[in-house]
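Dear colleague,

I am passing on a structure for you to look at, and below it you will find some notes on what turned up in it. Please keep it open while you read.

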Amino acid sequence: MKFRPCIDIHNGKVKQIVGGSLTDTGDWAQTNFVAERPAQWFASRYRDDGLTGGHVILLNSPASRYFEKTRHQAMEALSTFPGGLQIGGGIRPENAEDYLRAGASHVIVTSYVFAEGAIRWENLARLKETVGREKLVLDVSCRKRDGRYLIVTDRWQTFTDAEVTHELLDLLAEYCAEFLVHGVDVEGSCRGIDRELVKLLASWKKEVTHPVTYAGGISSEKDIRILGEASGGRIDFTVGSALDLFGGTLGYDVLRQRYGAVVCEHDGKSL
């Protein structure tokens, strides 16, 4: 169980937003935190602390007037910590290799694969051919509707018909190296993890060969212990708004020391 740091960039600034509030209209989002420091500062901190496998997310669409500012911040972060960060946000075969050359260890993909409400298997195959399975992370972030966890795209605004199930993860695993999953209904809320979603992910049997990173709702060390107990210590995690680096109260240094590069063993009671 490993702590994966994050750098979310919106309108050219590192931010923490409330999940599901992001809209392309006016480039608006309900914001919990706006950093005074650039993305490069966070990347250098993670680099110096040896925290690999974190993700940089571009939260503006390519059509946004802020996209180039956001992309510049992302590229600065990648060049600061080459090989240490993954990147997502508008990734397509045409630009994926640019980000890899800039220093990204992996590219994270959602909307290009889960488009117009369905899985575009031909797009997924093209990405696999372009960057290779070992460099591809699939973002299967989801929201609950009618009792099912459905993958959402377009800054988490558009529901697809793709339900997160073990069977779907098995199929997608043939194309990628890892999965990133935001519990969007609790993302940015600091009100606890989505336990049902975590149990669904933890009971999937391929997490050893395909790491899964969960994000959403973590606000305390207690939440992390609950995550560990619910997942048997098999799921990595990221913390956003609750982290003291982003204005919260959960100590970054504590997480770095306890859940950094060393894999933590889970005894069923504590971590």
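Is tyrosine 252 buried or exposed? Tyrosine 252 is buried, because its relative accessible area is 1%, where buried means under 20%, exposed over 50% and partly exposed in between, with a 1.4 Å probe and protein chains only.

Please bear in mind that this is a predicted model, in which local features need pLDDT of at least 70 and side-chain atom pairs count only at pLDDT 80 or more, while totals for chains, interfaces and linings use all residues. Residues are numbered from 1 along each chain as its sequence is written, and side-chain values use heavy atoms, with hydrogens and water left out.

The structure holds 9 aromatic pairs (rings of Phe, Tyr and Trp, the last by its six-membered ring, with centres within 6.5 Å; planes under 30 degrees apart are stacked, over 60 edge-to-face, the rest tilted). The rings of tyrosine 46 and tyrosine 252 have centres 6.1 Å apart and planes at 35°, so this pair is tilted. It links distant parts of the chain, 206 residues apart, with tyrosine 46 in helix α1 and tyrosine 252 in helix α8 (helices are DSSP runs of H or I with at least four residues, strands runs of E with at least two, numbered from the N terminus). Tyrosine 46 is also buried, at 1%, and ring pairs join Phe3, Tyr46, Phe237, Tyr252 and Tyr259 into a cluster.

Elsewhere, phenylalanine 179 and tryptophan 204 form an edge-to-face pair, 5.5 Å centre to centre with 80° between the planes.
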